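Dear colleague,

Please find below the structure that I am handing over to you. My notes on what was found in it follow directly after.

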Amino acid sequence: MRDKNELTRLYSKLIKIMKSYHPSSDFTMINQAYEVAKEAHKEQYRKSGEPFFIHPLHVAIILAELKLDKETIMAALLHDVVEDTELTREDLEREFGHEVAFLVDGVTKLTNFSVEISEAGLSKEELKLESFRKLIMAMSNDIRVILIKLADRLHNMRTLQYQKPEKQIEISRETLDIYCPIAKRLGIAVVQTDLQDLSMEYIYPEAYRSIQQKITETAHDRKKFVGRIIRQTKAGLNEAGIHADVQFALKHLFSIYRKMVNQEKTLDEIYDIYAIKIIVDSVRDCYIALGVLHDLYKPVPGKVKDFIALPKANMYQSLHTTLLAPGGRLFEVHIKTQEMSEVAFYGILARWKYGIPGENVQTLSNSQKEKAEWLMQIMEWQRDISDNDEFIDLIKQDFNLFSETIYCFSPKGDAKALPKDATAIDFAYSIHSEIGNCAVKCVINGRECPIETILNNGDMVEIVMDKKQSGPNPEWLDIVKTGTAKSKIRKWFHEREEER
Ligand code: MN
């Protein structure tokens, strides 16, 4: 009886969240998916002893919190029925339509796939890349499949305490290696940081607890310090006529831990375990606010980062600065608009809400034009590339691109984000296929250089073209660093071959 109440309670919660963002009040189909899935799973129980159906309900709630569409929520409720019950894809198709059946089928295939490859005797590295490849392929068919999979993993991580210790570590590792980078690449920080902290709790339990303890111990002192900074900042911004919301936020445990490991520091030596977050009304106000803060406190040289003019690959935008408070204490400040703040949390999902620049996109759906640029690119790769190894190469590069990025500029001042060690050929292809195909040499910071030259952060690059050139050099395939350049070069050769 208690379990039944719990299911009803969770279902009401789901509907309540959906009503808060979904314009329609007709939830008949959601209710039908709920009833069908509940009935199908009725004999099954989780390791915790609770009815199994608790799980898909939680997954649906996570996705509703991300404001996803009705089809995704229905598919979330039904995501384990094909795998674990008598129901088939055809049953779902008949009752809920093609879209929902397609999403459930996508999730089921991913589940089966991870079992298949874990039995295929691959090395750790191969296993990781295979998983990436599979997830990204699924994503390019319909990104909602991956979103359901991420929510599924998040709920399984939240209930990992019921698994055996070996299983806990194995699942946490996989989460950290495969699912976190995907969530990060999509910019969905709300999911990524949760997955990271949950994995850390199982993989590095001592570090997890000691950081947590330290944060609690220092809370009182920090509160006093931050309170003063916030008051001064608010007053300064107010005086400058800037309307702003000033808050402070602790960083996530895993990001603190990673910083300690990377910089070989103890927690006492790390000043940025929190950041002051300032939300203003416009991009212009972001820069004015930065000026106000640099007038109030001394900025630390080299720590000012302008991710507004130069957004990260996952669309993150913000101004970052580190400041010195009287008394010698350092603190970090992030300045954003409301829209940037939503992109910082929801990444690609916020982008759907605000639309891709130049397009008017209101809701998440599967139509091509509504996909973000990066996903479009992946779809293009997939069409162009039949060779598995090459696709894996592209994925590797793309995920590396995210970890170490350099920015190069066209003579007009357009910035291009490229992976470290990218060449002028990569730069040329990042502007346009035509420019890459006709590139013969380049001018870097005013000096003529071969087109194969490796670029440095901040280089101003001009591509010299020769329209009479017969196309790219096949050797470039071994030189270029970006997936875009590689696939565009391949494409050129494929097209020539077809003409013959
Ligand atoms: Mn599941």
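In helix H20, the buried residues are Ala-424, Ile-425, Asp-426, Phe-427, Ala-428 and Tyr-429. The helix spans residues 424–431 and is mostly covered, with six of its eight residues buried. Please keep in mind throughout that this is a predicted model.

Which sheet lies beside this helix? Three strands form an open sheet in the order E10-E9-E11, and their pairing is antiparallel. Strand E10 (447–450) and strand E11 (461–465) stand at the edges with a single partner strand each, so one side of each has no neighbour in the sheet. On average, neighbouring strands of this sheet are turned by 35 degrees against each other, direction ignored. H20 packs on this sheet and touches E9 and E11; the direction of H20 makes about 80 degrees with that of E11.

In one of the pairings to look for, Val-443 has Glu-448 in E10 as its bridge partner.

**The manganese ion**

Which protein residues are donors of the manganese ion? They are His-55 and His-79, each through NE2, and Asp-80 and Asp-152, each through OD. These donors lie 2.2 to 2.4 Å from the ion. Along the chain, the donors of the manganese ion follow the spacing H-x23-H-D-x71-D. Both His-79 and Asp-80 are buried.

Most residues other than glycine have a negative phi.

Glu-264 is not a glycine, yet it has a positive phi of about 45 degrees. This residue is found in the loop between helix H14 (253–262) and strand E2 (274–280). Is Glu-264 buried or exposed? Its relative accessible area is 73%, and Glu-264 therefore counts as exposed, the cut-off being over 50%.

Asn-445 likewise has a positive phi, of about 50 degrees, although it is not a glycine. With a relative accessible area of 49%, Asn-445 is partly exposed.

A polar atom of the Thr-482 side chain lies 3.3 Å from the backbone nitrogen of Ala-485.

**The protein as a whole**

How many helices and strands does the protein have? There are 23 helices and 11 strands. The protein has 500 residues, of which 49% count as buried. Among the contacts with a separation of 6 or more, 64% are made by residues 24 or more positions apart. The accessible surface of the protein comes to about 25,200 Å², and carbon and sulfur atoms account for 50% of it.

With kind regards

Note on methods. Residues numbered from 1 in each chain as written. Predicted model: local features only at pLDDT ≥ 70, side-chain atom pairs only at ≥ 80, totals over all residues. Heavy atoms only, no water. Buried < 20%, exposed > 50% of the residue type's maximum accessible area, 1.4 Å probe, protein only. Helix = DSSP H or I, 4+ residues; strand = E, 2+ residues; numbered from the N terminus. Donors = N, O, S within 2.8 Å, 3.2 Å for Na, K, Ca; no water. Pairing = 2+ DSSP bridges. Axes fitted to C-alpha atoms, helices over the stretch in contact; angles between N-to-C directions. Contact = heavy atoms within 4.5 Å. Polar contact = N/O pair within 3.5 Å; in protein donor to acceptor, adjacent residues only side chain to side chain. Areas by Shrake-Rupley, 256 points an atom, 1.4 Å probe, with all protein chains shown as cover.
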